[in-house]
Amino acid sequence: MVTVLFTDQSDLQANFLNDSIPPSLGKLMNLTTLFLSYNMLSGRIPKELGNLLNLNILALSENRLSGYLPQELGNLSKLEQLSLHSNNLTGTLPQSFVKLKSLHRFAVSGNKLSGEIPSFIANFTNLSHLYLMGNDFEGELPPRIFNLSGLDELTVSDLKNTSFRFPEIGNLTSINYLVLRNCSLTGGIPDYIGNNWKSLYYLDLSFNDLSGSIPQSLKNAPSLERLSLTNNKLNGSIPPWILKTDKADLSYNNFADFIKDDITDPAHHDSTEVKTLDPGKPNMDSILALSKKCTSQHHSLFINCGGARINAEGNPYDEDISTESFFSVPGTWAYSCSGDFISTNRNSSEFVKNMTSGVSGERKLKDLNIIEMAKGPNVEWKANFTAIVDDDNPLEIHFFWAGKGSLRSLNGPLVSAISVTPSKEKHISLNFVQARPGSP
């Protein structure tokens, strides 16, 4: 039997707790902080927690909690931090949350919440951190959220059944970190982002329907170092100031020309940033153009992802150890790596894991949970798919992170091998390996 002593400030984070949250916690009326994040807690959030009227911080993130958010949590009018990210919560954000006007931090990323993002969030004028990404929300992001002048970080992704533009006025004058990924944003990038958001360091507007050119006003954002505009409908020329950002991802757009011949700063001449702007790298139509350059036809393909060239199961697997943003084996295959790891100092193109595990367009898998599939760390799991490949339909394999899982550590699946073999139709075999225990 384990006895836990609760005081008015209780911190039980990262203790491998694996039961449900006891409803009896709702009797601790003097409790001001409750940290239960980074455990393996399951079941529902008990409605009795709504009785803790003195609670300032409620942190339940990075667990296995499920079910609806209880309406009773809306009674916690003194709550300044509500962290629920990286669970399996479902349903909508309760209307009772309209009373949580003291919130500084509201984090529900990486769940299965649905419905519209409620407009009352814009009334949380004390908000500095708002994390909504990786859910199943639909509709537009309420425009008044862009008037939260004290907001430092905002992350939203994967909005369904929507098509909306940036509002005409945006007063996120304190914003440092902004992610609006796969939100069906249309129209152009507004000038006020560069002209008025002077603290902006990280801007991710990838996988939207943005059009027009990159505004010159972004040059006026003195702190902007990371910029991701990949997979939009942007056009025009890429401006030279883009080289001043620490990392710029402009792939899969409709840019007419590039700045490679206009480089005047020798310090950047051989940098990765310059290479990503090379005309030979992926623009919206360049994958098909790249396939036209193949000098011979190939009926099979084997890649040892992150490893050296080897022979396995009677097949020669190509080497794949490059950490470049773009890499190609002339006439055979190529890859492009976009984005980076949120909340870490790593870049996605730099993470190659060397280990001995053997090599055993349309969305095929959604919200892959490698814990359930692989059943353990460094355990292989294989998936097979069928694809039709011809001269006008080159084979493309895309991996996207949908904002679910841990934001703090490198958990989740690694791709250990890719094989493409012919039959009546072409088959794709992917070997996934769980890197280590953690959220998917």
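Predicted model: local features only at pLDDT ≥ 70, side-chain atom pairs only at ≥ 80, totals over all residues.
Student: What percentage of the residues count as buried?
Tutor: The chain has 440 residues. Buried means under 20% relative accessible area. The share of residues that count as buried is 47%.

Student: What is the mean pLDDT of the chain?
Tutor: Of the residues, 75% reach a pLDDT of 70 or more. The mean over the chain is 80.

Student: How many helices and strands are in the chain?
Tutor: Both kinds of element occur in the chain.

Student: What is the strand order of the open sheet of five strands?
Tutor: The pairing in this sheet is parallel. Its edge strands are strand 3 and strand 11, each pairing on one side only. The order is 3-5-7-9-11.

Student: Over how many bridges do strand 3 and strand 5 pair, and which residue stands opposite Gly-43?
Tutor: Strand 3 covers residues 42-43, and strand 5 covers residues 64-68. They pair in the parallel sense over two bridges.

Student: Which residues of strand 7 stand opposite Ser-66 and Tyr-68?
Tutor: Strand 5 pairs with strand 7, residues 88-91, in the parallel sense over three bridges. Ser-66 stands opposite Asn-88. The bridge partner of Tyr-68 is Thr-90.

Student: How many salt bridges does the structure hold, and which residue does Asp-136 meet in one?
Tutor: The structure holds four salt bridges. In one of them, Asp-136 lies in strand 11, residues 136-138. Its partner sits 24 residues away, in the loop between strand 12 (153-157) and strand 13 (164-165). The N to O distance is 3.7 Å, and the partner is Lys-160.

Student: What is the N to O distance between Arg-181 and Asp-204?
Tutor: Arg-181 is in strand 14, residues 177-181, and Asp-204 is in strand 16, residues 202-204. The pair links distant parts of the chain, 23 residues apart. The side chains meet in a salt bridge, with an N to O distance of 2.9 Å.

Student: Which parts does the salt bridge of Asp-209 and Lys-233 tie together, and how far apart are the closest N and O atoms?
Tutor: Asp-209 lies in strand 17, residues 209-212, and Lys-233 in strand 19, residues 233-234. So the pair ties together parts that are 24 residues apart in sequence. Asp-209 is partly exposed at 34% relative accessible area, and Lys-233 is partly exposed at 45%. The closest N and O atoms are apart by 4.0 Å.

Student: How many aromatic pairs are there, and what is the angle between the planes of Phe-120 and Phe-124?
Tutor: The structure holds six aromatic pairs. Phe-120 is buried at 7% relative accessible area, and Phe-124 is buried at 1%. Their ring centres lie 5.9 Å apart. The pair is tilted, with the planes at 50 degrees.

Student: Why is the pair of Tyr-192 and Trp-197 classed as it is?
Tutor: Tyr-192 and Trp-197 are buried. Their ring centres are 5.5 Å apart. Planes under 30 degrees apart count as stacked, and over 60 as edge-to-face. Here the planes are at 50 degrees, so the pair is tilted.

Note on methods: Residues numbered from 1 in each chain as written. Heavy atoms only, no water. pLDDT = per-residue confidence, 0-100. Helix = DSSP H or I, 4+ residues; strand = E, 2+ residues; numbered from the N terminus. Buried < 20%, exposed > 50% of the residue type's maximum accessible area, 1.4 Å probe, protein only. Pairing = 2+ DSSP bridges. Phe/Tyr/Trp six-rings, centres within 6.5 Å; stacked < 30°, edge-to-face > 60°.
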